[in-house]
Amino acid sequence: MPNVHIDMWPVPIEYKNYEQAFENDVSAAEIWRFSPNSSTPKRVHQADWYQLENGISFRRHYGYRSMCTYRDGSRDIALYVASTSRSRGDGPDLMVSYDGESFSRLPKPSIISEFSSNEITLTSIRSLLQYEELLVTTITGASNGNVNGAGITTIFATDDPTSGQWHSINGKGLGTFPEVVVVYELCIHQGLLYAGTGGINGFQLWRGRRSGKYEFTWELVVKDGGGRGALNQGIISLCSHRDYLYIGTGIQNGGHDRTNNVGPAAAEVLRLAPNDELELVCANPRDGLLPLSGRGPGFGNYFNAYIWKIVSIDDRLLLGTMDWSVFGLWAIREERKTRFGRLLDWESMQVFLSSYGGAELWSSEDGVDWNCITHNGFNNIYNFGIRNIVKWNGQTYVCTANPFGPKVLTRTSDTDPGQYEHNPKGGCQIIAL
């Protein structure tokens, strides 16, 4: 990927992309199911194969980025799943399951992007939600490293996903390219549909009021990254809690977008008040305003690059971050970009990581006073992100992002080139609170 820079690769590269062993054993996305009657999860789906005209075949999907349970009142009707598809394939898919055991791909519409060309393929769907009787989604990613910049800002909706008939509910999109590159997040707040974008000069927040079956009137509510500009490049998370809409920001590629020379910078937490005033929660002071929490970006942690998930469960906010400090284990000290980074020795970094390496989880009832549940990925520095938080069967679960396995590059000093060893703490985790 052109936007990734790292001195030492954290995990061994044992395959080439698209080679047969990689496709057979590694690349396929999977769906697993947990049952209250069993302590062992069950794999219920593995990505099928896609074949090119020349006979080359590969796994169709390498990730499932979002799921949505479609409900009729309190009754679950279907589970919809959005894919991240291969760049050589035919674009992202939506899948449906009615029993949680079998999944089928739905018909897909023809979509045109600002990036559409022979070199660029749309690949990923991130946002998926139910708004009244509609299923609503957006296209997030494209090939050539544009995992969060599809170049399309259309929001699609349908009342029958099995038909393949999707309708734009925002005309030709929101804003203008490249001020708005992608609609990254969707949320319902006080009965209205909100869309959070990413763009070259900071996020925008839009609000849609429904006026017909597929007709919405859209208004721009917040622009210019909420007054921080490009350092609030995109809205990573949105959450409706009590009377406020909470906004979590971030800069793509782990808080440092080298393609557009943005960052590094920590993410902010903002909220939209009932009177449409934007309030700072955890943020840099500006325009005469101070953060309500008394905390700066990233809850005071420079390495919290994303506010990756915000949810409201049992009238309490839970907020998870992405913390990139663990990557310091694989950075050559003399090559670090800042003087502070070059001065940071191996022993000091180990002390810091033992207490603060790994994602953070925060909790608040009112969005002003926050308590930290974990500073260090639940005592696992390799849990560098909290990607989802759900309540199921009366229990709240935290789901981590952790790609550092089954082996990881282990070093003992600044000068040690390291060796790959088994990592018992590698791989995503599901943690019960």
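The legends below describe several close-up views of a predicted model.

Residues are numbered from 1 along each chain as its sequence is written, and side-chain values use heavy atoms, with hydrogens and water left out. Because the model is predicted, local features need pLDDT of at least 70 and side-chain atom pairs count only at pLDDT 80 or more, while totals for chains, interfaces and linings use all residues.

View 1. Strands here are DSSP runs of E with at least two residues, and helices are runs of H or I with at least four, numbered from the N terminus. Strand S17 covers residues 234-241, and it pairs with strand S18, residues 244-250, in the antiparallel sense over 7 bridges, where pairing requires that DSSP finds at least two bridges between two strands. Serine 237 has glycine 248 in S18 as its bridge partner. Of the 8 residues of S17, 7 are buried, a word that stands for under 20% relative accessible area, with exposed meaning over 50% and partly exposed in between (1.4 Å probe, protein chains only). The hairpin leaves 2 residues between its strands, and arginine 242 in the turn has a positive phi of about 55°.

**View 2. The salt bridge of arginine 242.** Arginine 242 forms a salt bridge with aspartate 315, the closest N and O atoms being 2.8 Å apart; the term requires a side-chain nitrogen of Lys or Arg within 4 Å of a carboxyl oxygen of Asp or Glu. Since arginine 242 lies in the loop between S17 and S18 and aspartate 315 in the loop between S21 and strand S22 (316-323), the pair ties together parts that are 73 residues apart in sequence. Arginine 242 is partly exposed, with a relative accessible area of 44%, and aspartate 315, at 42%, is also counted as partly exposed.

**View 3. Salt bridges around aspartate 90.** The structure holds 25 salt bridges, and Asp48, Arg60, Asp90, Asp93, Arg105 and Lys108 are linked in a network of them. Arginine 60 counts as buried at 10% relative accessibility, whereas aspartate 90 counts as partly exposed at 37% and lysine 108 counts as partly exposed at 32%.

**View 4. The largest nonpolar core.** A nonpolar core is a set of buried Ala, Val, Leu, Ile, Met, Phe, Trp, Tyr and Cys residues joined through side-chain atoms within 4.5 Å. The largest has 21 residues, of which Val326, Leu329, Trp330, Tyr382 and Phe404 touch the most other members. Strand S13 (182-189), strand S21 (304-313), helix H4 (346-356) and strand S27 (407-410) each supply at least two residues of this core. Apart from it lies another core, of 18 residues, among them Ala82, Val96, Ile125 and Leu128.

View 5. A search of the whole structure finds 0 disulfides, a disulfide being a pair of cysteine sulfur atoms within 2.5 Å. The sulfur of cysteine 372 is 11 Å from the closest cysteine sulfur, in cysteine 282, which is too far for a bond. Cysteine 399 is in no disulfide either, the nearest cysteine sulfur, that of cysteine 428, being 8.3 Å away.
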